[in-house]
Amino acid sequence: MPTSSQSVQPAELLHSVFGFASFRANQEQICRTAIAGRDLLLVMPTGAGKSLCYQLPALARGGTALVISPLISLMEDQVAKLAALGLRVARIHSGLPRAVARQACVEYLQGALQFLFIAPERLRVRGFPEMLAKRKLALIAIDEAHCISHWGHDFRPDYRMLGQYLPALRGAPDPAPVLTMTATATPTVQADILAQLGMVNPAKFIHGFRRENLAIEVVEIPQPDRATAIFRLLLEPARRPAIVYAPSRKQSEHLAVELSRAIPAAAYHAGLDAETRERVQNAFQAGELEVVVATIAFGMGIDKANIRTVIHAGLPATLEGYYQEIGRAGRDAALSRTFLMHSYADQRTHDFFLNRDYPPIESLSEVYEALTEEPQNANDLRAASKLGEEEFDKALEKLQIHGGARVDFGGSVTRGGPGWKKTYAIQARYRAEQFEKVLRYTVSSECRMSALVRHFGDLEDANRPCGKCDICDSAGAVLRQFRRATALERDIVQSIIDELRPVDYKAAGTLQRNLDLVGRLSRSDFEALLDAMARAALIEIESAEFEKNGEVIPFRKVRLSALGLEVRQSIPLPLLIGDGVADEFGGRFDPPSDPWMRSKKPKLTRPKLVHEDPKPAKTPAPRSEFHPATPEEQALAQSIEAKLRDWRATEAKRLGVPACVVLYDRALAAVAQARPTNPQQLSQIAGIGPAKVERFGEAILTLCRPPD
Ligand code: ADP
Ligand code: MG
Ligand code: ZN
């Protein structure tokens, strides 16, 4: 039996009660802070060991800890674990008979419990908070605290009301500390949690998001080419076991069939029956299956340490989800690779899912208006509604989450409060913004791991490049292709370095103007060059903004790095400029050996990954320099080029990306000259790969059509 004396050392409790040999990273310091009575915000990844951080301090402080948990299954799991350690624990939630709840209250009031778990809605039961307040609590732990925030994906209105009960529950003087825990809270969500709970000056522990053994690659690749690329990546036995995340059930099935031609693979998604899912999961765990192609439903219950590769065959909806998923690779600490494949088409897929998962507010209103104080049967309501069945269910689900509808166990629905409109709108907007963050992540030139660490709010740890991702180590990238800078580009790089040497920093636009590059090199090609310099660690680029006439205008601050400062004569590095997908995975060559997986081959000697010079322009013959264009043709080309520029500017703005991501200047001019009439011709133009054709082909070809 543990003692509750303050003098017990945390390490002693760790051994004697929990049976662990040592603390994990940060656990001891967190425990000491909590034991001392300070409020805490813990943001650490799943599996980091957050539970111990309230359990151990609870025992050290003595008395009963109140634990608030949003899910019955989580609660039952924790209760069972604590009971197995011989601790006195009880829980109260809607899935239990009344007598059990009553017994728990009796034991609580007798001071017989070390832990009492409750669901947040229990606090709405009249008299319950007052009953709890009769005794002084050791501490109050709030698990999955992101549920408090409108912005969190699992927002729960009952969680949001916690704040109003806390002062009474904490007691006075010397209020009991509040410990909030979550694995997924961005700085916005963190701030919301603290504000809602009225936590003043809590100690914050935001740790553990950096993974040292993951090499992240983000590659633009058209959807039709992905199956081949994935197949070729996973043919290499050293890249297995692997998880492939597919955006839809259909695609997960399709990919699994493709892979099965050579590799033991299976699909896993929510549309399969429970038995099949369990079979797939067990076979993967046991090593009989080497690849699982899953929708996001897979991986939660997986405890497989040696997953070598995680591939996203489409854009994830949020960076939080993406992080969780790639995090399943390399639990054994051995090097592992992750690939995120994306293209413009993913955006359309995502819009579709967003509309499905967050229906328009009008749909919710329609359902809300049909609700009354009198309980009505959900089936009757659905039948009477103008909405489709799925739409109706989704709308009702959202209303329920946001308090606009109450559904009892029998399926009867009553009308809730009107507050749902506001919180639902906030959540839907936040959801859309989260996806925009994913889009920005794909075009960013910041280290991939650092960007993720920063996203979770660990700013201290966010400044160290990982050295392994496609940004940090372009030459080591497997799927993403880079070409070497041309002689001209290297000259420009040298002059950029010279220009930056005497100053702290320059804005990218100023730099381009100062060097008189405006006519010689387009802004987008210039930005691509800066990105290449940043990847080579010659410069550092910082996103900044200034205000002009009330408008916030973003710009990029460019400063010389320590390495850049040393460069006087010629750049010692093979500067690499991003250039699509490696040929090896595009269907034309056999897979190369990945230097990490096999040999000590010097990275830059892999011939097909790196082009010494840009590919020669492959514009259709008739309009070449040997057949000078007529004045009419020139005029036509000019007008098309102007139209393409306008279109590109609009497109870039809409996507929130630099214009060069849409189309390089060079390619734009070549298109105007060549005036392709079909996708095949378009793809022949230098700078226009299959990805661009898929993404923008239709729009470009329309603009190239001669006026009739
Ligand atoms: P989280 O809530 O952060 O997702 P948990 O608290 O559920 O993680 O802990 C994950 C697992 O790690 C649990 O099985 C727990 O028993 C174990 N664990 C926690 N701390 C330690 C430790 N110091 N030593 C060994 N195992 C630990
Ligand atoms: Mg937990
Ligand atoms: Zn990196």
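Guide: What follows is an account of selected salt bridges. The model is predicted: local features need pLDDT of at least 70, side-chain atom pairs count only at pLDDT 80 or more, and totals for chains, interfaces and linings use all residues. Residues are numbered from 1 along each chain as its sequence is written, chains are lettered from A and ligands numbered from 1 in the order in which they are written, and side-chain values use heavy atoms, with hydrogens and water left out.

A salt bridge here is a side-chain nitrogen of Lys or Arg within 4 Å of a carboxyl oxygen of Asp or Glu; by this rule the count comes to 27. Among them is the pair R448 and D470, whose closest N and O atoms are 2.8 Å apart. R448 belongs to helix α19 (residues 448-455) and D470 to the loop between α19 and β17 (480-484), so that the pair links distant parts of the chain, 22 residues apart. Helices (H or I, at least four residues) and strands (E, at least two) are DSSP runs, numbered from the N terminus. Both R448 and D470 are buried, where buried means under 20% relative accessible area, exposed over 50%, and partly exposed in between (1.4 Å probe, protein chains only). Through shared partners, R448, D470 and R480 form one network of salt bridges.

A further salt bridge joins D158 and R124, at 2.6 Å from N to O. D158 is buried at 15% relative accessible area, whereas R124 is partly exposed at 46%.
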